[in-house]
Amino acid sequence: MSAIVRFAPSPTGTLHVGGARTALFNYLFAKQTGGQIFLRIEDTDRERSKPEFEQNILESLDWLGFKFDNSQPIRQSERTAIYREALEKLISNDTAYISKEEISDDKKRGEVIRLRNSGQKITFTDLIRGEISFDTTELGDFVIAKSLDEPLYHFAVVVDDWEMKVSHIIRGEDHISNTPRQILIQEALRASRPVYAHIPLILAPDRSKLSKRSGSAVSVTEYREQGFLPGALLNYLALLGWNPGTDQEIFSLDELIKQFSLTKIQKGGAIFNLEKLKWLNREHLKLAGDSIWENIFTVDWPSDLRARVIPIIRERVATLAEGESLIASGEYDYFRTAPTINRTLLKTPETLAKTIILLDALAETDFTAPQIKTVLWPYAEEAGRGAVLWPLRMALTGKDRSPDPFTVASILGKKETLSRLRQITNNVE
RNA sequence: GGCCCUAUCGUCUAACGGUUAGGACAUGAGCUUUUCAAGCUUAAAAUCCGGGUUCGAUUCCCGGUAGGGUCACCA
């Protein structure tokens, strides 16, 4: 079975993580069934839809790595002729009618188009929740269009999904109560009913629907700017409400496509946890190549030095942005220029003389962290680890916090390491 | 409030009706190349409540309670 699905955001705001997850689930489902996924922009509300939001949504989806089967997004605002035809059909067979209205604060038209609703009980099957029933009498003859050229959301959605032959509608749980009214429209149109799957919502820490008001970042753009990897964000979003039933937690997009299953999606909403996202990002950072780190350096960092410092940064930060601020703060400037040393902080500078002799015996090509440790370790055991290692690290970095001295020395190289150490011992004598 | 949905550690979650209720993040403790980070080891931590059904319920049914969603001429 190859499914036809769609992701249909409304350009009334930037793409938020909930939308990204809806897109992801649709994408995974389409790909694993060998089906198609379309992108449709729901901009029937001319007042609130903004081109810059559409732009943001498109860019975010692209950054996340989604490829849609329609190269250009389908815009509802460009399809009024299709909706008009459908509306005329309903009016001519009297399943919808033009209704005279009293104008009030929230009712601005003297004439709207309403659907005739016989008030039947609607039952549909949701892939995630099972059967759901609604009594539609309370809906009354609801409005489906403001005029022949201004269809409302519910109507446009049903016409489009029908026309695009959408087989599965995967969307947020907040649409459950919209479903019966859309089914009523389908029946009036004699359109076939797609399969529904309503996914749980992403919640803020207080268990309310995640929104800008809840404090944490909600827009995909914000996570991008904070230096999260698209693969990590996708991985996290997939795990929020879904799991493969195994202990695997790190997934590539391809692995997700293989293992994803709509029916294993959780029913209850899930709180967005930034700490876990960071952990996942760290894991993805470990798997990614060095090239992603290039942009965190200022231009004055020589490229060979960058390559040696990247592994150190990689193991200390959770995001690219954290790495960038580490560089910007000057934390690792001692790799580029010799630091000024506060003599008293050396504590036991007298061990440095022997350290120099031991290091000098190493060939330049053997000046690696493990080799340096090997030659220094017996001395450190003998003279006291702290007595040997502390002044070495301090002499090289000038800081009381840094990576271990062997690593620092290997990055600096034999020549620079010995030069810094001799600088100290010369002053001491 | 009506309607709809949901309910396992703090969080994300696993568990054919039978498990010492498992894993991950976070937290506490310890180890390490006397620091920082990472890493490793380890600890504490949950089946919302009440009834059924059953030899036996986290699991099935009903009722509470709690949370969420939705009730537009928005999407």
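Author: A residue is buried if 20 or more other C-beta atoms lie within 10 Å of its own, exposed if 12 or fewer, and partly exposed in between, with C-beta atoms placed from the backbone. Helices (H or I, at least four residues) and strands (E, at least two) are DSSP runs, numbered from the N terminus. This is a predicted model, where local features need pLDDT of at least 70, side-chain atom pairs count only at pLDDT 80 or more, and totals for chains, interfaces and linings use all residues. Residues are numbered from 1 along each chain as its sequence is written, and chains are lettered from A, ligands numbered from 1, in the order in which they are written.

Now take helix α4, residues 153-163. It is mostly covered: 8 of its 11 residues are buried. They are H154, F155, A156, V157, V158, V159, D160 and D161. What covers them? Strands and helices both take part, including β2 (36-41), β8 (143-147), β9 (150-151), β10 (168-172), α3 (80-92) and α5 (179-189). After α4 comes K165, with a positive phi near 60°.

Step back to the whole chain. Chain A has 15 helices and 13 strands. Of its 429 residues, 33% count as buried. Its C-alpha trace spans about 105 × 40 × 40 Å along the principal axes. The radius of gyration, taken over C-alpha atoms, is 31 Å. A compact globule of 429 residues would have a value near 22 Å, by the rule of 2.2 Å times the number of residues to the power 0.38.

Definitions and conventions: Contact = placed C-beta atoms within 7 Å.
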